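Please read the points below alongside the model.

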Amino acid sequence: MTAQPALRPGAPAPGRGTPDQPRRIRTRPPLYRRRTRAAWGFALPFVLLFVTFTAGPVLMSLAMAVTDIRSRDLRNPFAVEFVGLENFVAVAQDPMFRKAAANTAYFVLVGVPLTLAVSLAVAVVLNAGITRLKTFFRVGYYMPVVTSIVAVAVVWRFLLHPDQGLLNEVLGWFGIEGPNWLASTTWAMPAMIAMATWRSIGTLIIIFLAGLQGVPTSLHEAAALDGANAWQRFRFITLPTMRPTLLFGAVITGIGYVQFFEEPFVMTQGGPLNSTLSVAFHTYNQFGFGNYGYAAAMSYVLFLAVVVLTLIQFRLLGERDTVRRRRWWHRRPAAVASKEIGR
Amino acid sequence: MSAPTRTPLPPTEPPTDAPGRPRRTRERPIGTARPHLAAYLVLGLGLVVVMSPFVWMALASVKSEGEIRRVPPTWWPEAPTLENFRDLFERLDFPQFFTNSTLVAAAVTLGNLVFCSMLGYVLAKSDFAGKQLLFRVVLGTLMIPGMVTLVPLFVLVANMGLVNTYGGLILPFLAAPFGVFLMRQFFLGIPDELIDAARVDGASEARIFVQIVVPLAKPALATLAILTFLGSWNNFLWPLVVATTEDKYTLPVALALYSTGQNQTDYGLLLAGAVVVVVPVLIVFLLLQRYFVQGIAMTGIK
């Protein structure tokens with residue numbers, strides 16, 4: 001438990017000074033110690049709850065992942081054996097997991113670019129194309145974000161109904177005969193992606209609008225005077241200066257989409273024929289079957305995917321500094337945008 | 001473009017490489033284009049697509065069961081009726097679910113306001129041993145998928161005897177890393193001088209927090225309160241696992257169980273249920289929408 005050594009008020013700060021050279025006598029007045037005590041007093045209620053209900057379970061889950069624990073072992077903990085990485089090997093060999101991983105990859109690889117593109121398009125038009133009703137549109141696009149997924153599922157199951165549904169009715173106006181979305185192994189996943197996009201663009205639009213504030217008007221003016229048209233200005237000014245914001249949006253969307261669970265849970269239960277079974281959903285099912293060790297291992301695989309995504313973010317965002325030095329147009333907006341996203 | 005440079009420009013100066021397009025007098029900087037009808041059209045069309053599920057839900061909830069099932073579907077209800085809502089309240093104990101949802105969300109919100117602002121304050125404004133480590137650990141858990149903690153958390157709550165209690169529904173959410181992050185971001189913007197001045201005057205840390213910092217943080221606290229309340233209100237996986245009898249169900253749990261059980265073809269009833277779950281949230285959101293924008297702008301996280 002990483003947070004615990006530091007839990008005690010007034011505990012020595014790690015990594016300052018050497019043991020035979022008492023550090024506070026030299027640099028830290030008693031005030032520092034008093035302040036540490038006061039600060040931990042402030043932190044204590046949160047830390048206690050956090051350690052009990054978050055940090056503890058995270059570590060317990062890790063412990064489960066390297067044992068053969070099943071639900072019935074909870075009453076008889078001594079029957080549990082340490083199995084090392086066996087669970088992880090079993091996960092890698094599980095055909096259902098592979099299916100789920102492929103589905104999740106499909107969902108992420110199609111869903112993230114689609115969500116980003118739609119959000120960016122709306123944000124750009126909102127930012128530059130109109131002057132009135134901005135709040136009205138922003139609020140409208142954000143409404144799906146605040147809506148309960150359970151209610152969303154009820155409504156969308158209807159919209160997607162092959163005969164009584166709105167979607168196929170609208171498609172019918174154009175002479176297209178829509179499929180039975182949620183019962184088709186081909187179309188269930190696109191339906192999930194559409195739903196996730198619908199639920200996610202509101203947040204990204206607001207983030208992108210903030211980022212667009214950081215694109216300097218002077219660059220647009222200069223480019224327009226040089227004869228650049230609207231598309232060229234978007235492509236060569238807006239996009240590069242928005243890069244940090246776009247990456248940030250891509251990563252938070254990616255982290256959310258990798259954990260893709262609620263949509264299949266309420267809409268399809270992973271069907272038809274496991275075509276919408278996600279890794280998170282497969283994990284949930286394995287927990288339900290009582291295969292705790294196995295499911296815990298799988299949840300850590302999911303965690304690993306999130307970590308990898310985040311590392312990619314840091315690498316790409318880290319590159320920003322070198323790019324900034326190389327390309328003059330990155331200088332101001334990058335700073336503004338990074339403040340915008342709070343790092 | 002500033003006013004002096006605007007005058008010398010002739011109104012119809014031909015652009016260098018777009019000969020067919022006459023330039024107009026600049027009323028706004030280049031680059032922020034004129035409000036286009038096309039832009040309103042595109043945004044309006046997009047909005048229609050985004051809003052149509054809500055509109056359809058509302059309209060269908062006042063249709064009769066027969067009309068809902070009609071092929072092809074009708075758009076406007078032929079004979080609006082509140083039958084579905086009456087059935088809903090007769091068959092399900094909605095006031096109870098509503099109370100549970102409100103109670104749980106209110107408690108979770110209150111806890112987060114108190115605990116997250118306390119920790120966020122010292123992380124932003126105090127220098128103490130273990131601060132960096134604490135911040136990193138708390139922030140690091142933002143990335144951990146909910147699946148990782150689900151079962152250990154359930155085992156823990158079960159061992160505490162809290163299954164199917166309000167405590168079991170509330171306690172795991174009282175201290176959320178997101179709130180700490182949001183409050184810290186806000187407190188970083190409060191000038192140190194203010195706090196130092198109070199320290200010099202001999203105010204205790206607790207007094208500084210309660211009398212100076214908290215009043216300044218009202219906008220951030222409002223943002224956190226709304227986001228937390230809503231998150232709790234819409235949360236359904238954990239309540240689904242922990243609440244085992246009807247008297248502890250929250251609204252989403254009731255609707256989820258009802259819509260996947262043997263009643264999943266009672267379309268009218270389900271749509272009415274969806275309206276009851278969604279509409280209060282939408283009203284609150286519409287009234288307080290600027291706080292949502294602030295919350296996202298402040299942290300970049302939903």
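The numbered points that follow go from confidence to contacts.

1. This is a predicted model, in which local features need pLDDT of at least 70 and side-chain atom pairs count only at pLDDT 80 or more, while totals for chains, interfaces and linings use all residues. Residues are numbered from 1 along each chain as its sequence is written, and chains are lettered from A and ligands numbered from 1 in the order in which they are written.

2. For the complex, the predictor gives an ipTM of 0.80 and a pTM of 0.80. Among the elements of chain B, the lowest mean pLDDT, 39, belongs to helix H1 (residues 3-6) of chain B, and the highest, 95, to helix H8 (residues 166-170) of chain B. Helices here are DSSP runs (H or I, at least four residues), numbered from the N terminus.

3. In chain A, the axes of helix H4 (residues 95-129) of chain A and helix H8 (residues 188-212) of chain A come within 7 Å and cross at roughly 40°. Axes are lines fitted to C-alpha atoms, for helices over the stretch in contact, and angles run from 0 to 180 degrees between N-to-C directions.

4. Between the chains, 89 residues of chain A are in contact with 91 residues of chain B. On the side of chain A that touches chain B, helix H2 (residues 30-65) of chain A supplies the largest share, 19 residues.

5. Chain B is divided into domain 1 (37-81) and domain 2 (89-299), with bounds that come from an automatic or database domain assignment. The centres of domain 1 of chain B and domain 2 of chain B, taken over C-alpha atoms, are separated by 33 Å. Eight residues of domain 1 of chain B are in contact with six residues of domain 2 of chain B, and H2(B) gives the most to the domain 1 side, with four residues.

Technical notes:
pLDDT is the predictor's confidence in each residue, from 0 to 100. Helices (H or I, at least four residues) and strands (E, at least two) are DSSP runs, numbered from the N terminus. Two residues are in contact if their C-beta atoms, placed from the backbone, lie within 7 Å.
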